[in-house]
Amino acid sequence: MCGRYASTRGPSDLVQQFQVTVWHPEEALAPSWNVAPTDEVWAVLARAGRGADDPASVERELRPLRWGLVPSWAKDPKAGARMINARVETVHEKPAYRRAFVKRRCLLPADGFYEWEPVKDEATGKTRKQPYFIRPEDDQVMAMAGLYEYWRDPEVKQDDDPAAWLTTCTILTTEATDAAGRIHPRMPLALTPDHYEAWLDPHHQDPDDLRALLSQPAEGRLTTRPVSPMVNSVRNNGPRLLDDFTA
């Protein structure tokens with residue numbers, strides 16, 4: 001699974017990296033070295049105007065979404081805390097994700113992600129969880145494949161009230177490869193730039209074609225290294241979390 005990641009690139013970098021055409025500067029997010037479930041995260045998505053079938057009408061947006069997908073039919077938003085990941089093998093058939101898989105896909109930019117490995121302390125005999133930071137060797141942004149969904153708050157009466165709608169997202173995961181596989185059996189599925197357009201296009205709704213885009217993680221090697229146990233607490237943040245750690 002992917003339960004924490006780092007996302008420190010600013011919106012100006014992301015707008016250029018993903019060829020974004022719509023971004024509202026007032027929707028600002030601070031850099032985070034410890035992104036956790038239910039946090040607001042940057043998402044790249046493409047939307048067409050209502051009833052617009054012309055591919056040229058699609059605009060690529062950079063928006064903050066809450067991490068943890070809340071299905072439109074959920075009774076309350078608490079369900080999102082348990083839906084931070086969706087398995088690529090079954091995402092097209094699970095009730096919570098299948099509609100979003102066909103209609104509402106996004107990219108979630110990350111510097112890298114964290115996984116934990118049980119390590120036995122030789123001095124005490126106790127087992128602790130050692131965090132590792134896993135990122136591309138070339139230090140390029142990871143474009144993690146994601147889905148997003150809208151949830152209507154029944155307590156808010158007016159549809160045009162911004163508080164009426166909660167927009168949430170989830171990260172697709174796959175079998176881990178390279179360095180990540182030595183730490184944990186699952187990892188986020190990152191896409192290569194040549195697949196961005198097909199993945200984001202809201203007019204692209206064939207499940208088999210979409211699944212073909214997710215056959216394997218983005219090309220390129222991953223590097224992994226042990227980092228500070230401070231990342232274990234969601235209260236901690238800052239670049240010091242990525243300091244090399246030796247027990």
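Predicted model: local features only at pLDDT ≥ 70, side-chain atom pairs only at ≥ 80, totals over all residues.
Which residue stands opposite lysine 129 in β8? Proline 118 does.

1. Start with β7, residues 112-120. Its partner here is strand β8, residues 127-136. The two run antiparallel and pair over eight bridges. Find proline 118 and lysine 129 on screen, and you can see the facing positions.

2. **The open sheet.** Now zoom out. β7 and β8 belong to an open sheet of five strands. The order is β2-β1-β7-β8-β12, and the pairing is antiparallel. β2 (32-35) and β12 are the edge strands, since each of them pairs on one side only. Neighbouring strands are turned against each other by 30 degrees on average, direction ignored.

3. **The largest core.** Look next at the nonpolar residues. The largest nonpolar core has 30 residues. Those with the most contacts inside it are Phe18, Leu107, Leu147, Trp199 and Leu214. The elements that give it two or more residues are β3 (40-47), α2, β9 and α3 (196-200).

4. Leaving aside residues up to four places away in sequence, it touches Val44, Arg60, Leu107, Pro109, Val141, Ala143 and Tyr196. Another core lies apart from the largest one. This other core has 23 residues, among them Leu65, Leu108, Phe113 and Leu222.

5. **Salt bridges, and one from arginine 9.** The count of salt bridges comes to eight. One of them joins arginine 9 to aspartate 111, with the closest N and O atoms 2.6 Å apart. Arginine 9 sits in the loop between β1 (5-7) and α1 (11-17), and aspartate 111 in the loop between β6 (105-110) and β7, so this pair ties together parts that are 102 residues apart in sequence. Arginine 9 is partly exposed, at 24% relative accessible area. Aspartate 111 counts as buried, at 12%.

6. Glutamate 149 forms a salt bridge with arginine 104. The closest N and O atoms are 3.0 Å apart. Glutamate 149 lies in strand β9 (residues 142-152), and arginine 104 in the loop between α2 (98-103) and β6, so parts 45 residues apart in sequence are tied together. Are these two residues buried or exposed? Glutamate 149 is buried, and so is arginine 104.

7. **A bridge at β12.** Arginine 225 forms a salt bridge with aspartate 244, at 2.8 Å between the closest N and O atoms. Arginine 225 is in strand β12 (residues 222-226) and aspartate 244 in the segment after β12, so the parts tied together are 19 residues apart in sequence. Arginine 225 is partly exposed, with 25% relative accessibility. Aspartate 244 is exposed, with 62%. Elsewhere, salt bridges that share partners join Arg87, Glu89 and Arg186 into one network.

8. **Aromatic rings.** The structure holds six aromatic pairs. Take tyrosine 148 and tyrosine 150: their ring centres are 5.8 Å apart and their planes stand at 85 degrees, so the pair is edge-to-face. The cut-off for that label is over 60 degrees. Tyrosine 148 is buried, at 3% relative accessible area. Tyrosine 150 is partly exposed, at 22%. Ring pairs also link Tyr114, Trp116 and Phe133 into a cluster.

9. Most residues other than glycine have a negative phi. Glutamine 19 has a positive phi of about 55 degrees, although it is not a glycine. Glutamine 19 is in the loop between α1 and β2, and it is exposed at 60% relative accessible area. Threonine 38 is not a glycine either, and has a positive phi of about 80 degrees. Threonine 38 lies in the loop between β2 and β3 and is partly exposed at 39%.

10. Glutamate 93 lies in the loop between β5 (85-87) and α2. Glutamate 93 is partly exposed, at 45% relative accessibility. Which distance separates the C-alpha atoms of glutamate 93 and proline 207? They are separated by 9.7 Å, and the two residues are 114 residues apart along the chain.

Definitions and conventions:
Residues numbered from 1 in each chain as written. Heavy atoms only, no water. Salt bridge = Lys/Arg side-chain N within 4 Å of Asp/Glu carboxyl O. Helix = DSSP H or I, 4+ residues; strand = E, 2+ residues; numbered from the N terminus. Buried < 20%, exposed > 50% of the residue type's maximum accessible area, 1.4 Å probe, protein only. Pairing = 2+ DSSP bridges. Axes fitted to C-alpha atoms, helices over the stretch in contact; angles between N-to-C directions. Core = buried A, V, L, I, M, F, W, Y, C linked by side-chain atoms within 4.5 Å. Contact = heavy atoms within 4.5 Å. Phe/Tyr/Trp six-rings, centres within 6.5 Å; stacked < 30°, edge-to-face > 60°.
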